There are 2 protein chains.
Amino acid sequence: MQPPQPPPPRVLLIGAGGTLGRAVAAELAPRHDVITAGRNSGDLRLDLRDADSIRAALAQAGPLDAVVCAAGNVHFAPLLQLSAADWSVGLEDKLMGQVRLAQLAAEYLRDGGSITLIGGILAEQPIRQGASASLVNGALEAFVRAAAIELPRGLRINLVSPNVFIESMPAYGPYFRGFDAIPVARAALAFSRSVEGAQTGQVYRVH
Amino acid sequence: MQPPQPPPPRVLLIGAGGTLGRAVAAELAPRHDVITAGRNSGDLRLDLRDADSIRAALAQAGPLDAVVCAAGNVHFAPLLQLSAADWSVGLEDKLMGQVRLAQLAAEYLRDGGSITLIGGILAEQPIRQGASASLVNGALEAFVRAAAIELPRGLRINLVSPNVFIESMPAYGPYFRGFDAIPVARAALAFSRSVEGAQTGQVYRVH
């Protein structure tokens with residue numbers, strides 16, 4: 001007779017409907033109970049720009065062992081054409097949306113739980129029209145290092161910084177000429193490493 | 001008879017009244033015409049949070065070969081106590097204040113001119129209560145790398161990322177225990193390197 005199995009860890013996955021989110025769900029689902037959330041799809045509605053919607057989704061999700069984000073918008077435009085409103089897209093959505101997600105997740109996660117955010121290669125390797133994305137991704141790398149040393153209750157936080165995805169090249173190819181695009185499934189592995197590993201304050205570069 | 005000397009390069013120095021700004025002024029003054037600007041002191045009034053005040057100062061300064069920033073506020077507080085208003089201090093002042101300074105300086109600088117911004121060691125080495133400073137400094141490092149590849153007319157942009165200053169330890173010592181504080185004059189050297197050198201997209205770490 002087999003001993004009773006513990007229930008699988010419970011993961012809230014934000015942006016589950018996107019290219020990356022679907023790959024992360026596929027990677028985690030065999031070993032986790034994945035609750036999906038998104039602006040327009042998933043088990044729960046969650047908009048990173050709206051702290052109330054984040055709090056509501058965290059409350060509705062029930063006990064959580066991991067919060068994983070695969071969402072976040074940024075505006076692309078030539079440097080000298082980026083307006084205050086253009087900058088705000090990335091600052092409010094991908095950057096501070098994930099920061100407030102991390103702050104709120106710290107209240108809801110079980111002891112020893114993890115937070116995994118999404119950055120990107122533009123933090124290090126800029127492209128034309130990508131200044132806002134670079135700024136946001138660089139901010140997230142430093143934020144994760146800083147947050148890791150202050151999180152309570154053994155909570156962990158890491159960032160996945162992928163290269164452009166092969167699956168996204170039909171849309172983004174003209175911006176990323178010469179980049180060695182990766183299969184999105186490789187980026188999803190880094191999410192597994194963050195959720196199922198033991199490190200904190202790390203930037204997992206999938207370049 | 002000596003040939004006529006060309007006039008010295010003209011530098012707009014923001015935050016000239018602070019600990020760092022005074023050291024940068026002392027480093028540059030022997031070889032530059034330094035126009036000082038600040039929120040409350042200097043030749044010109046300039047508030048990084050206010051694009052109109054930046055534009056007015058740039059217009060009043062006359063022809064410029066370099067814009068140098070030694071100013072920028074960030075709020076320090078424990079990670080889970082940082083409110084939206086707390087985050088906004090660093091985002092609006094040190095981060096986007098310097099970004100909009102760079103964007104506007106690109107309109108006013110002479111061909112081949114330079115922009116030098118101020119970051120800090122917390123981008124890499126976090127401290128308690130420093131998550132906002134880390135985020136802002138990390139964002140500035142990535143921004144400078146990205147902006148460098150899009151600036152027109154041979155304009156350059158670099159970031160100085162200093163350790164905590166010996167001169168600031170009476171106030172900041174409790175936050176920076178064990179840090180190998182540097183003389184502010186060493187940080188000022190990095191500003192000279194940016195203004196008088198030829199590199200762009202660099203982060204000059206003075207750690």
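Predicted model: local features only at pLDDT ≥ 70, side-chain atom pairs only at ≥ 80, totals over all residues.
Trainee: Where is B:Asp93 found, and which residues does B:Asp93 touch beyond four places away in sequence?

Mentor: B:Asp93 is part of helix H3 of chain B. Leaving out residues up to four places away in sequence, B:Asp93 touches B:Arg39, B:Leu48, B:Arg49, B:Gly72, B:Asn73, B:Ser88 and B:Gln98.

Trainee: Why does A:Phe179 count as partly exposed?

Mentor: The label covers values between 20% and 50%. A:Phe179 has 21% relative accessibility, so A:Phe179 counts as partly exposed.

Trainee: Where does A:Phe179 lie, and what does A:Phe179 touch?

Mentor: A:Phe179 sits in the loop between helix H5 (169-172) and helix H6 (184-196) of chain A. Not counting residues up to four places away in sequence, the residues touched by A:Phe179 are A:Ile121, A:Gln125, A:Ile127, A:Asn163 and A:Val164.

Trainee: How far apart are A:Phe179 and A:Phe165, in sequence and in space?

Mentor: They are 14 residues apart in sequence. C-alpha to C-alpha, A:Phe179 and A:Phe165 are 9.7 Å apart.

Trainee: What makes the phi of A:Arg153 worth a look?

Mentor: Phi of A:Arg153 is near 55°, a positive value, and the residue is other than glycine. A:Arg153 has its place in the loop between helix H4 (131-148) and strand S6 (156-162) of chain A.

Trainee: Why is A:Arg153 called partly exposed?

Mentor: Buried needs under 20%, exposed over 50%. A:Arg153 has 35% relative accessibility, so A:Arg153 counts as partly exposed.

Trainee: What is the phi of B:Arg153, and where is B:Arg153 found?

Mentor: Phi of B:Arg153 is near 55°, again positive in a residue other than glycine. B:Arg153 is in the loop between H4 and strand S6 (156-162) of chain B. At 35% relative accessibility, B:Arg153 is partly exposed.

Trainee: How do you know that the radius of gyration of chain A agrees with a compact globule?

Mentor: A compact globule with 207 residues would have a radius of gyration near 17 Å. Chain A has 17 Å, so the value agrees.

Trainee: What does the C-alpha trace of chain A span, and how much of chain A is buried?

Mentor: Along its principal axes, the C-alpha trace of chain A spans about 65 × 35 × 35 Å. Buried residues make up 57% of the 207 residues in chain A.

Trainee: Which elements make up chain A?

Mentor: Chain A has 6 helices and 7 strands. From the N terminus on, they run β-α-β-β-α-β-α-β-α-β-α-α-β. Among contacts between residues at least 6 apart in sequence, 67% join residues at least 24 apart.

Trainee: How do you know that chain B and chain A touch?

Mentor: Contact means heavy atoms within 4.5 Å. 32 residues of chain B are in contact with 32 residues of chain A. The two chains bury about 2,600 Å² between them, 73% of it on carbon and sulfur atoms. In chain B, B:Leu79, B:Gln103 and B:Glu150 lose the most area to chain A, together 24% of what that side buries.

Trainee: How many salt bridges and polar contacts are there between chain B and chain A?

Mentor: The salt bridge count is 0. There are 12 residue pairs in polar contact, both residues at pLDDT 80 or more.

Trainee: Which elements give two or more residues to the side of chain B that touches chain A?

Mentor: They are helix H3 (84-108) and helix H4 (131-148) of chain B. H4(B) gives the most, with 10 residues. By class, that side has 23 nonpolar, 5 polar and 4 charged residues.

Methods
Residues numbered from 1 in each chain as written. Chains lettered and ligands numbered in written order. Heavy atoms only, no water. Buried area = accessible area lost by both parts, 1.4 Å probe. Salt bridge = Lys/Arg side-chain N within 4 Å of Asp/Glu carboxyl O. Polar contact = N/O pair within 3.5 Å; in protein donor to acceptor, adjacent residues only side chain to side chain. Nonpolar A, V, L, I, M, F, W, Y, C, P; charged D, E, K, R; others polar. Rg over C-alpha atoms; globule rule 2.2 N^0.38 Å. Buried < 20%, exposed > 50% of the residue type's maximum accessible area, 1.4 Å probe, protein only.
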